[in-house]
Structure formats: structure tokens, C-alpha cells
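Welcome, and please have a look at the model below before reading on. The notes that follow walk through a few of its local features.

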Amino acid sequence: MSLEVAVAAALFVGVIAYAVLGGADFGSGFFDLTAGSSRRGAELRTLVDHSIGPVWEANHVWLIYVLVIWWTAFPESFAAAMTTLVLPLLLALLGIVLRGASFAFRKFSETLEQARLFGVVFAASSIITPFFFGTIAGAIASGRVPLDGSGDRWSSWLNPTSLFGGVIAVGTCAFLAGTFLVADARRGGHDRLAEELRTRALVVGAVTGAVVFAALWPIHEDASTLSDGLAGRAAPLVVASALAGAATLGLLWTRRYDVARLTAVAAVAAVVSGWGVGQYPWLLVDEVTIHDAAGATATLQGLLVAVGLAAVVVVPPLVYLLRLTQSEEWSRH
């Protein structure tokens, strides 16, 4: 493996981590938004607060990790993406800011009306943020980001591949969140809520899976390089995603929630990995390869050292935090 590919692989590990961990976090907003009235949805919204409260800020470390490695290791492609895709990037950033602020303010609202307002902002921004990240991925994968940054500010992300990417991102986030919330509700002794979430997670999972495979046709027509990659070297990952997704639905159906969390994570990780492998060796599809986009050798070597240090310093606390929040004691606290 060349130095450039090693750095790109380290970058993509961050993308997968953000898709899985941040995705489960963002997806909770879908269930919060569709929980119903203040009285009917109170139990679910309390569960959402309890489940994501300790981790919702921690997950953004992966977004920072991805951006830092991208602009340091592949600066020209980073500048091109930031210029062409400035609109969806700003909208995603707006969603992150509004989501964080409203999640905090809802806890300290003085009136029910204020709590409702902040709740709607939190839930809506939890949906729009992954949607715009999905459109960005679609723009890059469909070859609409020129290396000189002169891509169209609107059509670069308002196209079939990008829009399907946005919908798939929202669906996978909701599917992950539903699977985790079901397990949390069961461990917390909320059996009625667990049954309600189980049904909704099954529906979300089935719809998302259908959208993922329905997207293959417009991608074939709109993004030929990515389509060829998905049908070729990434085909095992596409199959793995389908099997893991089907297994998750089966485990939810039979109420084996703890195992379902693992297969749900595997399904989403396989989908995201399939995108990365499918567009390899391009960094910006049909514009520049990973090799040609890389910066100085010394910079890449320094980045790999930094990645190794981050793995030692950051990963263990995150693993402990996630393990703590998934424990029986935490769920019943």
C-alpha cells in the first residue's frame, strides 16, 4: 500500500466512524420529530435525551478528524470541494449548530411552547444535516467537483446521485438510531416503547434498503464511474450490506436487539465502504486520483504519526464512553 493510499484509508476510517456513530446520533432526531404530541411523545423524547446526551458532541470529533486530514493531505481537492459545494456545506454546518443549540436549550425551556419550538428545530436539523452530507458525497462520487473548484454551485449537488445520497444518508441514520433506541428502551424497562420503536425501525429499515437498491439505476445513468466500481470491486461490500441489513431486520423481528445493533452497524459501514471502494482510485471522481492529489511526502508521514497518536489518545475514551452508555446500569439510571 502506498503512502498516499494509507493516508486516504485513514481518512476514510473517519468517514465510516462518523457515518456510524454520528449517524446513530443524528437519526434520533427522526424519531423525536415523529414521536407525536407533547404528552404522547414524552417517553420517547426522554429516551432520546438519555441515550444521546453523553455522546452527541463527542461524535463530531470524527468530522473534525476527516476535515483536518483532507485539507492537510490533499489540499487542492479539499479547496475544490469547499468552493464548489459551499452551499450544502454551509447548510450542513447550519444544521449542526442549530441542532446542538436547540438540544441544549430544550432542557432549560421555561414554557411548553419554548420546549416544542426547540424540539422541532432539534429534530429538523437532525434530518437536514445528514441529508446535505449525503448530497456532498453524491456530488463527489458523480464527478461534479472539478479540481479547479469551478463546479456549478447548484447542479453539483442537485442531481439524481446527490439527492439519492441525501435520502440514503437520512434513512441509514434513522435505521441505526431506531435499532439502538429499541435496545435502550428494552434495557431501561420500557417494554411498550420498545415494541413501538421495533415496528418503526422495521419500517424504516425496509424502506431504506429499498431506496439503496433503487438508487443503483439512477447512479448507473448519472455516475458511470461509481456505477462501474459498485458492480466491480465494491460488489462484495454491496452484497455484505444487503445481508447485514436483512439480518438486522430479522433480529429486530425476533426481538434480539443487542445483536441487531452489531448487524446494523455492519450494514451501514458496508454501504459507506462500498462508496469509497467503488470510486477508488479517484479522490474527486474523474478529476484527480488519490496519488495525484496527495501533498508532500513529509506531510503524509507526519499525518500517519498523528493518526497513530490519536488512536492511542482518543479511541480508548470514546470506546469507554460508548460501552458505558450501552450498559444495563446506565439504561436504568
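Helices here are DSSP runs of H or I with at least four residues, strands are runs of E with at least two, and both are numbered from the N terminus. This is a predicted model, in which local features need pLDDT of at least 70 and side-chain atom pairs count only at pLDDT 80 or more, while totals for chains, interfaces and linings use all residues. Residues are numbered from 1 along each chain as its sequence is written, and side-chain values use heavy atoms, with hydrogens and water left out.

Let us start with T129, which sits in helix 6 (residues 112-141). Is T129 buried or exposed? Its relative accessibility is 0%, so T129 counts as buried; the term buried covers values under 20% relative accessible area, exposed means over 50%, and partly exposed lies in between (1.4 Å probe, protein chains only). Setting aside residues up to four places away in sequence, T129 touches F26, A92, G95 and I96, where contact means heavy atoms within 4.5 Å.

I219 belongs to helix 9 (residues 216-222). With 12% relative accessibility, I219 is also classed as buried. Which residues does I219 contact, leaving aside its neighbours within four places in sequence? They are T161, S224, L226, S227 and L230. As for L11, 208 residues away from I219 along the chain, the C-alpha atoms of the two are separated by 24 Å.

**Helix 1 against helix 14**

Helix 1 (residues 3-33) packs with helix 14 (residues 297-313) at an angle of about 40°, and their axes are 10 Å apart. The axes are lines fitted to C-alpha atoms, for helices over the stretch in contact, and angles run from 0 to 180 degrees between N-to-C directions. Helix 1 and helix 14 are therefore oblique to each other: angles under 35 degrees count as roughly parallel, over 145 as roughly antiparallel, 65 to 115 as roughly perpendicular, and the rest as oblique.

Their crossing is left-handed, a term used when the near helix is turned anticlockwise from the far one by less than a right angle; clockwise would be right-handed. On the helix 1 side, L3, E4, A6, V7 and A10 take part, meeting T297, L300, Q301, L303, L304 and V307 of helix 14. Sorted by class, the contact of helix 1 with helix 14 involves eight nonpolar, two polar and one charged residues. In this scheme Ala, Val, Leu, Ile, Met, Phe, Trp, Tyr, Cys and Pro are nonpolar, Asp, Glu, Lys and Arg are charged, and the others, Gly among them, are polar.

**Salt bridges**

Side chains of opposite charge can pair when their charged atoms come close. A salt bridge is counted when a side-chain nitrogen of Lys or Arg lies within 4 Å of a carboxyl oxygen of Asp or Glu. How many salt bridges does a search of the whole structure find? The search gives 15, and the table shows some of them.

| Salt bridge | N to O distance |
|---|---|
| D184 and R187 | 2.4 Å |
| E196 and R192 | 3.2 Å |
| R200 and E196 | 3.7 Å |

D184 and R187 both lie in helix 7 (residues 160-187), three residues apart, or about one turn of the helix. D184 is buried, with a relative accessible area of 7%, and R187 counts as buried at 8%.

E196 and R192 are four residues apart in helix 8 (residues 191-214), so about one helical turn separates them. R200 and E196 are likewise four residues apart in helix 8, again about one helical turn. R192 counts as exposed at 51% relative accessibility, whereas R200 is buried at 18%. Elsewhere, a network of salt bridges links D32, R45, D49, R106 and K107.

**Backbone details in the loops**

Y280 and P281 are joined by a cis peptide bond, with omega about 10°; P281 is in the loop between helix 12 (257-279) and strand 1 (282-284).

R255 is not a glycine, yet its phi is positive, near 65°. R255 lies in the loop between helix 11 (235-253) and helix 12, and is partly exposed with a relative accessible area of 37%. D286, not a glycine either, has a positive phi of about 65°. D286 is found in the loop between strand 1 and strand 2 (288-289), and at 41% relative accessibility D286 counts as partly exposed.
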